[in-house]
Amino acid sequence: MTYKNETKTLLVLDIDETLIFGSAEKLDEPFDFRVFNYFIYQRPYLKEFFEKIKDHFLIALWSSADDEYVEEIAKKIIPKNIELEFIWARSRCSYKRNFNAVFDDYQDYYAFDISHYHFLKPLKKLKKKGYKLERILIVDDTPHKSKDNYGNAIYPKEYKGDKNDNELLLLADYLLTLKDKTNVRRIEKRGWKSKLG
């Protein structure tokens with residue numbers, strides 16, 4: 001069988017708190033653009049990040065946010081010279097109850113809100129689309145969304161609008177150390193920043 005990512009690893013990127021920060025309230029810093037009712041702050045070095053990785057990976061977006069919102073964000077942040085493999089949003093996630101949620105009392109059991117549910121991103125869905133799991137990396141600031149992707153996940157720190165953040169520069173350098181690996185699942189990626197020397 002020939003896989004779509006036989007020669008290049010597929011890099012699946014989360015959006016919110018990974019590449020951008022969307023806020024209903026303005027921060028002290030100038031926002032980059034607006035989408036619907038949100039002020040959007042691009043993570044520092046976003047353009048440089050894409051420039052560094054674009055020739056070495058297949059690139060896709062997968063967010064647990066609303067589909068229309070994700071499409072609008074993608075139009076704004078993806079450079080024109082990058083053709084994405086796909087843009088997936090909440091409708092492509094698996095919606096599962098968090099059975100570890102703790103309820104304060106009996107009434108809360110019946111009044112649980114969406115925070116007691118998780119939108120998961122199982123990479124087995126990509127295997128069905130012709131991508132080889134051994135050559136997929138998923139980058140997401142929220143580990144529980146990739147809890148079924150052990151071996152494929154890289155967790156950057158959450159981005160909340162800090163203009164001094166340099167996580168994407170570090171991430172790009174780390175990703176380039178993995179670009180030629182034929183099985184990324186075998187590589188220990190916890191504490192990935194400590195591997196940058």
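Modeller: The discussion below takes up the sheets, a helix, an aromatic pair and a pocket in turn.

Modeller: This is a predicted model, in which local features need pLDDT of at least 70 and side-chain atom pairs count only at pLDDT 80 or more, while totals for chains, interfaces and linings use all residues. Residues are numbered from 1 along each chain as its sequence is written, and side-chain values use heavy atoms, with hydrogens and water left out.

Colleague: What makes β2 and β3 edge strands?

Modeller: Each of them, β2 (20-23) and β3 (33-35), pairs on one side only. The open sheet has the order β2-β4-β3, with antiparallel pairing. β3 is joined to β4 by three bridges, with Phe33 opposite Ile40. In the hairpin of β3 and β4, two residues lie between the strands, and Phe36 takes a positive phi near 55°.

Colleague: Which strands does helix α2 lie across?

Modeller: Helix α2 (residues 67-77) lies across β2, β3 and β4 and runs at about 160° to β3. Such angles run from 0 to 180 degrees between N-to-C directions, with axes fitted to C-alpha atoms, for helices over the stretch in contact; contact means heavy atoms within 4.5 Å.

Colleague: Which strands stand at the edges of the five-stranded sheet?

Modeller: Its order is β6-β5-β1-β9-β10, with parallel pairing. β6 and β10 (153-154) each have a single partner strand, so one side of each is left without a neighbour in the sheet. Within this sheet, four bridges join β1 (residues 10-13) to β9 (residues 136-139), and Val12 stands opposite Ile138.

Colleague: Why is the pair of Trp62 and Trp88 called edge-to-face?

Modeller: Rings of Phe, Tyr and Trp (its six-membered ring) pair if their centres lie within 6.5 Å; planes under 30 degrees apart count as stacked, over 60 as edge-to-face and the rest as tilted. Here the centres are 5.0 Å apart and the planes at 90°, so the pair is edge-to-face. Trp62 lies in β5 and Trp88 in β6, so the pair ties together parts that are 26 residues apart in sequence.

Colleague: How many nonpolar, polar and charged residues line the second largest pocket?

Modeller: The lining divides into four nonpolar, four polar and six charged residues, where Ala, Val, Leu, Ile, Met, Phe, Trp, Tyr, Cys and Pro count as nonpolar, Asp, Glu, Lys and Arg as charged, and the others, Gly among them, as polar.

Technical notes:
Pairing = 2+ DSSP bridges.
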